[in-house]
Structures are given as structure tokens and as C-alpha cells.
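This briefing concerns the ligand site and the domain arrangement of the structure shown below.

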Amino acid sequence: MLELLTEQPPDKILMLSQMYREDPRDDKIDLGVGVYRDASGNTPVMRAVKEAERRILEGQGTKAYTSLAGDPAFADAMIDLVLGGAVPRDGVAAVATPGGTGAVRQGLELVRMANPGAAVWLPLPTWPNHPTIVKHLGMPSKTYRYFDDATRALDWDGLAADLDGVPAGDVVVLHGCCHNPTGANPTLDQWRGIVDILKRRGVVPFIDIAYQGFGDGLDEDAGPTRMIASEMPEAIIAASCSKNFGIYRERTGLLIAVAHDSGITKTAQGNLAYLNRQNYSFPPDHGARVVTTILTDPELRGDWRSELEQTRVSMLDLRGRLADELRRFTNSDRFDFIAEHRGMFSRIGATAEKVAELREKHRIYMVGDSRMNIAGLNADTVPILARAIVDVGI
Ligand code: LMR
């Protein structure tokens, strides 16, 4: 039987990490996978996470199962973080999932259970795992325009026109903040316009929010998600704790289904628990417990917020420095968009050949679509990257 299996295409992002590890040259620069790194290239465990883990280690008296939906205190704390009271609690169903990817997967399965014919509309481009999960689930998939390759900014006219053609009942995937891979995001006015279109068309928003706190601030980044959740009759939200709590390998996420109606919410909650049971029974608990401990303790929460804020500001600083260096080297403002983008990534708009040249000639690794992880840079490597970009003629 196993001989009937065929090779699967490698994941573009994870393949790049492997190439980087296998490159024997010194002074390599990894701008690939979306993992935060400090100025020394480390991905540190956040102070509040360390302290929460210490408290859990000392205080935890059992490892018995929680509930199928995970610890309700985790759901409450995360719903508060993401939705900030935008929707009454009895209008929101939620389950803990293994990471944000687990939440995306469970959310799409929920869509398929509710409406098997619904097409899933993905921004072009989007995180490469979105289309592959949709395909793996056998769901119909469509794309809508998102990014203008010429300006490296949002293609607002294309996006608005395409969303205006989505049939009622279909699902539109939106990145809640810090769009991956482009770094280009709608303004608040444009989000307002998106909500109006979604309402008019009667489509279901599916928000993937994996970088809350990495863009303009914790509450600012959640603003569009809150607007959608409070104004649309329904919304599905996949939230990740990997990046903003730096607990990537703990696989901690929450899937939220907003229905406003308490009866529908109750049924959705039962379906979400059922999905967890079919896929892996109980969701992982450790990361969720760490997050709950932090979010429910004012002192830990404050410390976590300030460390996260430092992370966000350091990425903004790197964006500013890189845009400045490129302005200096090219004598033009054509890379100013890097300072306008938000989050961990920017797509700089280079061909796959130029990206390969950056790798081969300058030891700089970015994803083939020219997505770079800003957090992979530091004050020393910014000028090296700027010079390399100019050298290969991007
Ligand atoms: C990324 O886009 O690099 C991150 O979300 C990590 C991943 O799983 O792809």
C-alpha cells in the first residue's frame, strides 16, 4: 500500500530553512521562516513565559485531561485579548488548537461541516499553507487580488472589485493584521470598506490573526478583527500565540466562531469540541496554560506587553533603517514601502532569479517570492542587505 504514495512538494518556507542550515558558508543571513530574532540572532523565551512556566512547574498538581475545548480560562483570556469585549461572551464559541495552523485547519473543517459547497477565497498572495490546507480538505478555492506588485502596496481597487463579486455564503480569508507574505495592510478606512462589502454580499469572514502586537500595537492590530466580529452576523477567527508569546513549538492557538446568537453559538461550540475529538481529542495544554497565567496576572501581563512592545518597536526601527539605507544607495524613494509595511514580513518585489542571486552571491536567504523576515536583520546586517539588493539590481 505505501508504495502507492507519491512524493509531496516540499513546503517552500521550511525547505528554505533547511537550505540555510546546510549552507556551510559563514556570515549567512536568514530572512526566511517567520520566527522573531533579537539583535544577536536568538529567539529568546520571553521573561513572562519563563516566570509563568516556573509557576506552573511549582503549582501544577495534575496532568489529567482538561476539556475537549481546552481549558475554558484560556478561551476566556484569549477571546478578551483578540476581541476585547467586541462581542458578548455568549455569542462566541471557541476551542484551543495546536497552534494557529491548527486553528486554521479546524476552522476550515467547521466551514466544510456547515456548508460543504462554500468556496474559500484567499488573498493573492497569501501564506502558502492556506491554499494547501484548503486543497487537502477538498474544498473549492478562489483568489482575490490583494497586492500591487508595482507599488508594493495594497491593490485596493482590485481587492474591492473582487470581493464585490464573491457569492453569498462563500468564505473570505483575511489576515487580521501584518499580512503574510507582503507586509501591506488595509488602512482603517479600507477595512471599513471591506466590512461594508462583506455585509452587502452576505459572505463569511475568516480571519487569520497570527501577529497581533507585531504591527501597530496589541489593540490597534486587533481593531479590524473586532470591527468585523461586532458588525458581521458571523465570523471565524484563527488566533495564534506562537509569535506574540514566542512559544512557537508549544503549538498554542484558539479557534473562535462568532455567531452572536446564543443558541447557534452553543451548537457551534459542540461542533468545535467534536472536531477536536475527531482530530486529536484534547488540544495541547502547556502553552495555553502559560498564556492564561500571563494574561490573568496583572504583573506578568504588564511585563509581557512591554517585552512585546519592545519587539514591535525593534522591527519598526529595522524597517526605517533599511528604507533609509536603500534611499541612500539608490538615490530614490522606491524602497520607502518597507517602512510603510507592518509586521514581520515585507515582499520586496524581486524575481525568483534575483532572490536566488541574493542567496548564492550574498548568502542572504529570503523566500522565493521575495518575502523577507525583517526580524532576521540587525543593525549590522541592514547595510549588507541594502548593498546586496542594489548589487543584484532589484
Ligand atoms: C511563516 O510564514 O514563516 C510562519 O508562519 C511559519 C510557518 O509555519 O510557515
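How far from an oxygen atom of the ligand does a polar side-chain atom of Lys-243 lie? The distance from that polar side-chain atom of Lys-243 to a ligand oxygen atom is 3.2 Å, where a polar contact is a pair of N or O atoms within 3.5 Å. This is a predicted model, in which local features need pLDDT of at least 70, side-chain atom pairs count only at pLDDT 80 or more, and totals for chains, interfaces and linings use all residues. Residues are numbered from 1 along each chain as its sequence is written, and side-chain values use heavy atoms, with hydrogens and water left out.

**Ligand contacts**
- Arg-371 places a polar side-chain atom 2.9 Å from an oxygen atom of the ligand.
- Gly-34 has a backbone N or O atom 2.7 Å from an oxygen atom of the ligand.

**Ligand shell**
- Around the ligand are Ile-13, Val-33, Gly-34, Trp-127, Asn-180, Tyr-211, Lys-243 and Arg-371, a residue being near if one of its heavy atoms lies within 4 Å.

**Domains**
- The domain assignment, which is automatic or from a database, gives domain 1 (9-45 + 305-392) and domain 2 (65-296).
- Both domain 1 and domain 2 give residues to the shell around the ligand, so the ligand lies between them.
- The C-alpha centres of domain 1 and domain 2 are 27 Å apart.
- Contact (heavy atoms within 4.5 Å) involves 23 residues of domain 1 and 27 residues of domain 2.

Technical notes:
A polar contact is a pair of N or O atoms within 3.5 Å; within protein, one must be able to donate a hydrogen and the other to accept it, and residues adjacent in sequence count only if both atoms are side-chain atoms.
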